[in-house]
Every structure is written in C-alpha cells, then in structure tokens.
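Please have the sequence and the structure open while I talk.

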Amino acid sequence: MADQSLSIYAAITDLLVAIQENKLRYKALSQPVQQEIAFHIEQADLSNKTIDISGLSVATNHSRNTIKKQLNALIEAEYVSMIVDPNDSRRKILKSTQKLREELENFAKSLSPTITKASYQIQNTAWSTPVQKSE
C-alpha cells in the first residue's frame with residue numbers, strides 16, 4: 001500500500017511541476033492573480049454569464065485594488081477587454097479576447113501529455129492492486 005501511495009504521489013508531483021513549468025511560458029499566466037482573473041473571465045464567457053471587478057474580487061478573494069492592478073496589465077496586453085454593461089452604465093463587464101483564449105488553449109495543450117501520463121500512472125497504480133478489506 002505504501003508503494004501504491006508513493007506512485008500516486010509521484011504522478012501528482014510530476015503533474016504539478018509540469019503545470020508550474022508551463023505557466024512560465026505563457027505571458028497571460030505570468031502572475032497567479034492574473035491566472036485566476038483569466039480563468040474566471042473565460043469561465044463566465046463560456047457559460048454566457050458576465051463578470052465585473054466586484055465579481056472577480058469575490059471569486060478570487062482578492063481586494064478590488066489587487067484585481068484592478070492585475071486586470072489593467074491584462075487589458076494593456078490585450079488579453080481582456082472591458083465594456084459598459086448595457087443595463088447599467090456604471091458597471092464594466094470583463095470579456096476575454098481571442099488572444100487570451102488562444103493563450104489558454106496553448107497552455108492546456110502543453111499540459112495534455114503530462115495529464116494523460118499522470119492519469120495513466122494513477123489509474124494503473126490505484127487499480128493494479130486489489131484493495132484489502134480489514135476485518
């Protein structure tokens with residue numbers, strides 16, 4: 001059982017290392033807060049919902065000032081756009097751009113082989129030895 005747990009731990013560690021290494025390759029993912037912002041904006045877009053600075057602050061548990069600072073960098077880099085809410089001119093809706101979607105897609109593709117390998121290792125390790133019932 002200890003060997004099984006160690007193999008699963010090693011596969012997960014390999015996956016986490018690959019994620020960290022691949023994050024460094026993509027400009028839109030250079031800061032952890034920017035990663036969170038990009039994820040939540042893209043998630044809102046994909047689910048046909050809207051998100052604003054207040055929504056990002058709640059979703060990420062970061063202050064509005066932190067969100068604004070990191071968001072400005074993403075807007076300047078043309079990863080995110082800000083539009084006026086047609087129902088409330090005081091509210092600014094955040095949208096992902098094609099540039100951000102391409103960046104996130106490339107990031108996901110870069111991790112695909114590592115995810116597949118880790119998943120295969122975990123499944124083989126977890127399912128190769130029958131679980132012993134203790135009495």
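Predicted model: local features only at pLDDT ≥ 70, side-chain atom pairs only at ≥ 80, totals over all residues.

Let me begin with helix α2, residues 32–46, which has 15 residues and reaches 21 Å from its first C-alpha to its last, close to the 21 Å expected at 1.5 Å a residue, where the expected span is 1.5 Å times one less than the number of residues. Helices here are DSSP runs of H or I with at least four residues, strands are runs of E with at least two, and both are numbered from the N terminus.

Residues are numbered from 1 along each chain as its sequence is written, and side-chain values use heavy atoms, with hydrogens and water left out.

As for the overall layout, the chain has five helices and two strands, and along the sequence they follow the pattern α-α-α-α-β-β-α. Of its 135 residues, 30% count as buried, meaning under 20% relative accessible area, whereas exposed means over 50% and partly exposed lies in between, with a 1.4 Å probe and protein chains only. Taking contact as heavy atoms within 4.5 Å, residues 24 or more positions apart account for 57% of the contacts with a separation of 6 or more.

Back to α2, where the buried residues include V33, I37, A38, I41 and A44, and also H40, E42 and D45. How does α2 cross α3? Their axes come within 10 Å and cross at roughly 115 degrees, the axes being lines fitted to C-alpha atoms over the stretch in contact, with angles running from 0 to 180 degrees between N-to-C directions. This crossing is right-handed, which is to say that the near helix is turned clockwise from the far one by less than a right angle, anticlockwise being left-handed. On the α2 side E36, I37, H40 and I41 take part, and they meet L56, A59 and T60 in α3; by class, the residues of this contact divide into four nonpolar, two polar and one charged. For those classes, Ala, Val, Leu, Ile, Met, Phe, Trp, Tyr, Cys and Pro count as nonpolar, Asp, Glu, Lys and Arg as charged, and the others, Gly among them, as polar.

In the loop between α2 and α3 we find N48, which is not a glycine and yet has a positive phi of about 55 degrees. N48 is exposed, at a relative accessible area of 74%. Most residues other than glycine have a negative phi.

The next pair is α3, residues 53–60, with α4, residues 64–76, which pack at about 110 degrees with their axes 9 Å apart. The two are therefore roughly perpendicular, a term that covers 65 to 115 degrees, with under 35 counted as roughly parallel, over 145 as roughly antiparallel and the rest as oblique. This crossing, too, is right-handed, and in it I53, S54, L56, S57 and T60 of α3 meet R64, I67, K68 and L71 of α4.

Within α3, S57 is buried at 16% relative accessibility, and, leaving aside residues up to four places away in sequence, S57 touches H62, S63, R64 and I67. Finally, N61 lies in the loop between α3 and α4, has a positive phi near 65 degrees, and counts as exposed at 70% relative accessibility.
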